[in-house]
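Please open the model in your viewer and keep the selection panel at hand. The stops below each begin with something to select and then say what is there.

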Amino acid sequence: MFNERLSLIAGILTDETGSDDAFLTEGGEHADLASTIAFSLAKQRKAAPQKIAPEIATQIRDRIKSEAGADVTVSGPYLNFSFTDDYADKAVLAAIKPEFGYLGASQQRTVLEHTSANPNGPLHVGHIRNTVIGDTLARCFRKAGRKTEVQYYVNDMGRQIAIVVWGFNRFNMPLESREKGDHHVASVYIDANRDLKEDPSLTAEVDRLMQLVEAGDPDTVRHFRAAVTLCLEGFRVTLDDLNAKHDRFVWESDFIRNGDTGRVIARFDRLPECRHEETLNLDLTSCGFEKSYVLRRSDGTTVYAARDIAYHIWKGRNFDRMIDVLGADHKLIGAQLSAALRLLGEKAPEIVFFEFVSLPEGSMSTRAGKFISADELITQVKKKAFQEVTTRRPELPDEEREKIAASVAIAAIRYDIVKVSAEKATVFDWDEALDFERQSGPYIQYAHARACSILEKAGEFKTVSRVSMPTEVALAKQIGKFPYILERVITDLKPAYLATYARDLADLFNAFYHAEPVLKADGAERDARLTLVLASQITLKTVLETLGIDAVRSM
RNA sequence: GGGCGUGUGGCCUAGUCUGGAUAGGGCGGCAGCCUCCUAAGCUGUAGGUCGGGGGUUCAAAUCCCCUCACGCCCGCCA
């Protein structure tokens, strides 16, 4: 479809002009594709671009037509390419096939790590930015046909967890029957931190726990595991609510127990960059880092970084492509991790960083209890969605409305997050979270439900594609772009592209819906429009699924 | 102090990597559209020269330099 024609035209342009770049861009309102190659050739040919453009057009016209299925026109210095009439029809028919979006066989195996929040309290609105970005990327990889394993790296032996365990030992705080495990852990963690702040001498007790757990003291290990498991059970519920799925939870402590961390330290030990001071640390100044990179504390325990390196070596050896989704606060340690891995001659991960979500009153903090939990967000948005559904569809039974509301709520939450570029810091806003209009997930779901409704009423029809009206052509062309967008997402690791695409697709479907009657059309025109509706419905459904949003048939 | 990121109409945001044709959307405002396939919809309208300044270029929101503002990071925390 779009991507095939793009590369064909680019090939002909570079081939015929001798330029190594085709200077192709999307043509916007002017054409399907446009090239500014005449500008770049102006110098070497010593002629005005307006003069060169028609010459190139004449030269390539026949090949472009026969090989790439496009017409060339000249507008001043610009070369415009318009796909021939059959393009839109082919796009419509391609979308109806089951393999739509599949980018071809690839043996490449990808491991994608996301969320990996510390198990010291519930996931909050900042953590789920990680979840939504990661899960959407994973869905894109899979839709494109890439084998992908999604992992959650469980930090089960850090200081924060030691504080939680210490808190459990100190307070007698039974889990109330209705309380989620992760929320319970947070209350223990918050209280423990308060006490540690009041009496810093207690910190020694936490240090002791960390030494014991690393040494493998059975009782301590059991306590750590119990606390982390309790929190993780809560996470699983939240992640499940968000339609986010991990294939594997990898426990950090396993890299101590299986000896990997020890072996990593031994390998570093042989490097000239390794320094034995009170701590065992790496001198990364040659890689541009001022501070030394500590791997083992003076008390003999390893730091997070050492275990993380062991984890990444394991991933790098078992997968071709290794992707981590991390908060922007991890930029420095991410760079240090990569540098350390390269020193050992191991593969470094591709890291997708996202900026923070803050509250209007400031940044979030689990320790201070200053956060909006994902569970609370989901509850509130569901409540609002239920009201909306009830207003619009009062005739539906309660369970039906509940079900739609749940899907609408997750659509609103996931879309709100994924539509914003990861590098943009955001401020959480309840009004925005509860808005289901226009640039929202429910808006796209609505376009899909509309298409379903039409198809349901249509009954049998013949599958033929014959788009002609402007809104039909625009819609069909947008449908044909889906594989191209998918490819860009997994290349650039920017799931926001898919959100923009989905919105444009819904816009174009709505425009068509308002401009051209479908069920009231006659004969062949009715069949053709129904086929376009079917292609739209399938594409919308595919895109929604790839965004992790339920493609509800009615709402 | 150093590093990284962000700065686009009242608010939110796309485009910035790969410089090109009048800077796209949404919210809010204003004016319209439900005897026609779900109005979570559609149409029209007002509002921006892309933080500021310099530079490169035929061409800059996009590249370079300086500068301001905001965020994040610079632990024997994770």
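## The nonpolar core

Begin by selecting I9, L13, L79 and F81, which touch the most other members among the 145 residues of the largest nonpolar core; such a core is a set of buried Ala, Val, Leu, Ile, Met, Phe, Trp, Tyr and Cys residues joined through side-chain atoms within 4.5 Å, where buried means under 20% relative accessible area, exposed over 50% and partly exposed in between, with a 1.4 Å probe and protein chains only. Helix 15 (residues 398–418) supplies the largest share of this core, eleven residues; helices (H or I, at least four residues) and strands (E, at least two) are DSSP runs numbered from the N terminus. Because domain 1 (2–84) and domain 2 (114–358) both give residues to this core, it lies between them; the domain bounds come from an automatic or database domain assignment.

This is a predicted model, in which local features need pLDDT of at least 70 and side-chain atom pairs count only at pLDDT 80 or more, while totals for chains, interfaces and linings use all residues. Residues are numbered from 1 along each chain as its sequence is written, chains are lettered from A and ligands numbered from 1 in the order in which they are written, and side-chain values use heavy atoms, with hydrogens and water left out.

Next, centre on F81, which, leaving aside neighbours within four places in sequence, is in contact (heavy atoms within 4.5 Å) with residues including I9, L13, L24, I60 and V72. Another core, of 26 residues, lies apart from the largest one and has V250, F289, V303 and A339 among its members.

## The RNA strand

Now select RNA strand B together with the 60 residues around it, of which Y78, R297, R392, Y446 and Y513 come nearest; a residue is near a strand if one of its heavy atoms lies within 4 Å of it. By class, this surface has 23 nonpolar, 17 polar and 20 charged residues, where Ala, Val, Leu, Ile, Met, Phe, Trp, Tyr, Cys and Pro count as nonpolar, Asp, Glu, Lys and Arg as charged, and the others, Gly among them, as polar. Helix 17 gives the most to the surface near RNA strand B, with eight residues.

For individual atom pairs, select N80, where a polar side-chain atom lies 2.6 Å from a base nitrogen of RNA strand B, and then V518, where a backbone N or O atom lies 3.1 Å from a base nitrogen of RNA strand B.

Technical notes: A polar contact is a pair of N or O atoms within 3.5 Å; within protein, one must be able to donate a hydrogen and the other to accept it, and residues adjacent in sequence count only if both atoms are side-chain atoms.
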